[in-house]
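Visitor: I would like a close look at a single part of this protein, the sheet, and at what surrounds it. Could you take me through it slowly, one piece after another?

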Amino acid sequence: MAEKSELLQSMTDAELDARHAEKMRKKKAARDKILATKTVEKGLLIVHTGKGKGKSTAAFGMVFRALGNGMKVGIVQFVKGKWETGERKVLEHFPEQVTMTAMGDGFTWETQDRQRDIAAAEAAWARAKAMIADEEHDLVLLDELNIVLRYDYLDLAEVLAGLAGKPAMKHVVVTGRNAKDELIEVADLVTEMEMVKHPFRSGVKAQKGIEF
């Protein structure tokens, strides 16, 4: 490594530029070769989980990307209830492309009523199933579905069957911490958000434009 460093230090800018260009040419050729083998196009089952912040945020980023490509999107929020969120206000401007339903009554520790939570989860899942099965929506976001699955408010086998039965080209995104192993197993893409630091631990409350 020391010899390599000394060699680089002895080279002129022109030599460094030429070396860099050759290195990038080889990298591009290798990348193009790999991309040429990726020919499958299909609807993906995507899971965002983990204890870190950003699961729903990343999912809504995909929603906005889909809208920019002229796609139609269905959204079911399972536990966030009637929260006024920035993304909801933005999406109201795309009524022809977005179907958004907030079915939850809030987090389960707020309702403190298990039967009410189960009923809300079942109603939300019925709406979600319809969106997953139809031919209208290109992408469906099931925000915080993992939370209701964690508390066993929905039958996991039924949910997995509903996801498995989606149209071949439909994308489905599921968010929430503690994703079930069975869901991770059948998903095409799984991202786990890892928390390194969070302002909440320093006494900072949820803030507009960041958490909602």
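Guide: In this predicted model, six strands form an open sheet, and their order across it is S3-S2-S4-S5-S1-S6, with parallel pairing. Strand S3, residues 98-102, and strand S6, residues 189-192, stand at the edges with a single partner strand each, so one side of each has no neighbour in the sheet. From one strand to the next, the twist averages 10°.

Let us go into the sheet by way of strand S5, which spans residues 171-175 and is mostly covered, since four of its five residues are buried. On one hand, S5 pairs in the parallel sense with strand S4, residues 139-143, over four bridges, and within this pairing leucine 141 has valine 173 of S5 as its bridge partner. On the other hand, S5 is joined by four bridges to strand S1, residues 45-49, again running parallel, and here histidine 48 stands opposite threonine 175 in S5. Strand S1 is in turn joined to S6 by four bridges, and these two strands also run parallel; in S6, glutamate 192 is the bridge partner of threonine 49.

Helix H3, residues 55-68, packs on this sheet, where it touches S1, strand S2 (73-77), S3, S4 and S5, and its direction makes about 160° with that of S4.

In soluble globular proteins, nonpolar side chains tend to be buried together. Here the largest nonpolar core has 29 residues, of which Phe78, Leu142, Leu145 and Leu154 touch the most other members. At least two residues of this core come from each of S1, helix H6 (114-133), S4, helix H7 (145-150), helix H8 (156-164) and S5, and it is H6 that gives the most, with seven residues. Apart from this core lies another one, of 13 residues, which includes Val63, Leu67, Val73 and Val98.

The C-alpha atom of aspartate 117 is separated by 9.7 Å from that of phenylalanine 78, although the two residues are 39 residues apart along the chain.

Conventions
Residues numbered from 1 in each chain as written. Predicted model: local features only at pLDDT ≥ 70, side-chain atom pairs only at ≥ 80, totals over all residues. Heavy atoms only, no water. Buried < 20%, exposed > 50% of the residue type's maximum accessible area, 1.4 Å probe, protein only. Pairing = 2+ DSSP bridges. Core = buried A, V, L, I, M, F, W, Y, C linked by side-chain atoms within 4.5 Å. Axes fitted to C-alpha atoms, helices over the stretch in contact; angles between N-to-C directions. Contact = heavy atoms within 4.5 Å.
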